[in-house]
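Please keep the sequence and the 3D view at hand while reading.

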Amino acid sequence: MTRKIAVLAGDGIGPEIVAEARKVLDFLNTDMDLELSFEEGLIGGAAYDEHSSPFPAPTVDLVKGADAILFGAVGGKKWESLDISVRPEKGLLGLRSELELFSNLRPALLYPQLADASTLKPEVVSGLDLMIVRELTGGIYFGQPRGVKILENGERQGFNTLVYSESEIRRIGHSAFKIAQKRNKKLCSVDKANVLECTELWREIMDDVAKDYPDVELSHMYVDNASMQLVRAPKQFDVMVTTNMFGDILSDTAAMLTGSIGMLPSASLDANGKGMYEPIHGSAPDIAGQGIANPLATILSAAMMLRYTFDLGAAADRIETAVNDALDKGVRTSDIYSDGMTKVSTSQMGDAVLAELK
Ligand code: NAD
């Protein structure tokens with residue numbers, strides 16, 4: 001069985017960081033006989049330059065035929081003046097909707113070696129390891145009706161609709177419980193069931209889905225409390241599952257607990273576990289081409305791909321351990337550099353992880 005990976009490096013630092021993730025995957029592919037195969041495609045500005053579209057037909061075919069997608073980043077000054085319909089970022093949105101990637105996984109993991117990078121006290125965040133599962137294709141960002149209308153008295157009124165069908169809640173629920181099973185088997189569902197009927201239904205369905213996962217402990221929390229608990233005592237959480245908008249906000253808070261954008265991977269999955277894996281940061285045009293970007297978020301995204309799409313937990317563990325060991329040796333790209341450490345380039349960081357793997 002070949003495991004097909006579409007590699008979309010994109011723009012800016014995308015090609016630099018994806019190259020380092022490839023180094024790691026190529027090594028493990030041979031070392032552990034993983035049967036991974038890779039095919040590269042164009043996305044974003046790079047695709048626009050070649051095909052006048054940020055998500056051209058050959059890339060659509062490539063991702064549809066793949067089991068997983070390794071994605072760098074898209075966007076940059078060069079394409080900012082284009083019509084919004086063909087801007088690089090549209091390529092990413094097109095990919096998400098084409099593949100129905102409704103389950104967005106955003107881990108926040110703080111390596112103890114980097115605890116000083118957080119604005120929170122080291123004892124609060126050191127060793128933090130939580131996962132936010134955000135519903136990505138429904139809720140208030142997509143609900144109809146929406147718009148701005150003029151009332152009878154001439155005043156304008158803006159409105160959006162929070163809407164979730166039972167099946168949408170059920171599928172994100174199953175996705176989150178399955179992830180909790182692969183972690184510490186604790187799931188916290190975040191809602192506003194005391195005020196919003198839609199999330200009262202959310203809570204009811206989560207309780208129902210829980211019956212299929214007796215090994216996972218489910219709890220519920222209101223979103224206002226969850227935001228408070230995330231900065232007060234974030235280590236109480238293992239996996240959190242929530243709606244599109246609540247997840248948007250809470251996952252950025254969780255990401256910033258770790259203090260370093262260059263360290264954080266993410267995944268977006270469909271109902272069958274097919275997924276797109278990417279660092280949470282963008283194309284960083286300010287440092288592109290200088291060989292100084294941190295490739296660890298992308299390398300850790302590759303680890304997530306092995307774990308969540310291919311169920312290769314042992315291989316994923318090896319990558320995560322190698323990243324930890326490389327940090328232990330004191331190598332740091334400039335974004336995570338502190339006194340006394342060894343400053344390294346993008347490719348040297350990739351090599352350092354590879355050396356630990358070997
Ligand atoms: P950004 O994440 O690209 O950069 C923010 C800051 O973090 C910059 O100072 C950058 O140098 C730094 N940074 C980001 N990744 C880094 C890494 N791996 N190592 C070291 N430093 C890193 O966000 P931005 O500047 O707001 O956006 C730049 C471009 O990226 C825009 O065109 C934006 O639309 C696009 N973008 C794309 C994605 C994506 O492809 N998923 C996500 C966000 C932004």
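K192 touches T199, Y222, V223, D224 and F246, leaving out residues up to four places away in sequence; contact here means heavy atoms within 4.5 Å. The residue is found in the loop between β8 and α7. Because its relative accessible area is 18%, K192 is buried. The term buried stands for under 20% relative accessible area, exposed for over 50%, and partly exposed for values in between, with a 1.4 Å probe and protein chains only. Helices (H or I, at least four residues) and strands (E, at least two) are DSSP runs, numbered from the N terminus.

The model is predicted: local features need pLDDT of at least 70, side-chain atom pairs count only at pLDDT 80 or more, and totals for chains, interfaces and linings use all residues. Residues are numbered from 1 along each chain as its sequence is written, and side-chain values use heavy atoms, with hydrogens and water left out.

**The sheet**

Ten strands form an open sheet with mixed pairing, in the order β2-β1-β3-β12-β11-β4-β5-β10-β8-β9. The edges are taken by β2 (36-41) and β9 (217-222), each with a single partner strand, so one side of each has no neighbour in the sheet. On average, neighbouring strands of this sheet are turned by 20 degrees against each other, direction ignored. Two strands count as paired if DSSP finds at least two bridges between them. Strands of a sheet pair through backbone hydrogen bonds, either parallel or antiparallel.

Strand β3 (residues 68-73) is largely enclosed by the rest of the structure, because six of its six residues are buried. Strand β1 (residues 3-10) runs parallel to β3 and is joined to it by five bridges; the bridge partner of I5 is A68 in β3. Three bridges join β3 to strand β12 (residues 275-279), again in parallel, and here L70 has Y277 in β12 as its bridge partner. Strands β4 (residues 103-109) and β5 (residues 129-135) pair in the antiparallel sense over seven bridges. In that pairing, S103 stands opposite E135 in β5.

**Helices**

Helix α7 (residues 197-210) lies across β5, β8 (186-191), β9 and β10 (239-242), and runs at about 170 degrees to β9. Helix α8 (residues 223-232) also lies across β5, β8, β9 and β10, but at about 100 degrees to β9. These angles run from 0 to 180 degrees between N-to-C directions, with axes taken as lines fitted to C-alpha atoms, for helices over the stretch in contact.

Helix α6 (residues 166-182) has 17 residues and reaches 25 Å from its first C-alpha to its last, close to the expected 24 Å. That expected span is 1.5 Å times one less than the number of residues. Buried residues in α6 include I169, I172, F177 and I179.

In helix α1 (residues 14-31) lies E20, which counts as buried because its relative accessibility is 5%. Apart from residues up to four places away in sequence, E20 touches P295, I299, T346, S347, G350 and D351.

**Contacts across the sequence**

A117 lies in the loop between β4 and α5 (122-125) and is partly exposed, with a relative accessible area of 37%. Beyond its neighbours within four places in sequence, A117 is in contact with T258 and G259. V124, in helix α5, touches V231, R232, P234 and K235, not counting residues up to four places away. Two pairs of residues are listed here by their C-alpha to C-alpha distance.

| Pair | Apart in sequence | Apart in space |
|---|---|---|
| A117 and G259 | 142 residues | 5.1 Å |
| V124 and V231 | 107 residues | 8.4 Å |

**The ligand**

Which residues come nearest to the ligand? Of the 21 residues around it, they are E89, G282, A284, D286 and N294; a residue is near a molecule if one of its heavy atoms lies within 4 Å of it. An oxygen atom of the ligand is 2.4 Å from an N or O atom in the side chain of E89.

**Backbone details**

Most residues other than glycine have a negative phi, and most peptide bonds are trans. A cis peptide bond joins Q144 and P145, with omega about -5 degrees. Phi of D33 is near 55 degrees, a positive value, and D33 is exposed, with a relative accessible area of 60%.

Notes:
A polar contact is a pair of N or O atoms within 3.5 Å; within protein, one must be able to donate a hydrogen and the other to accept it, and residues adjacent in sequence count only if both atoms are side-chain atoms.
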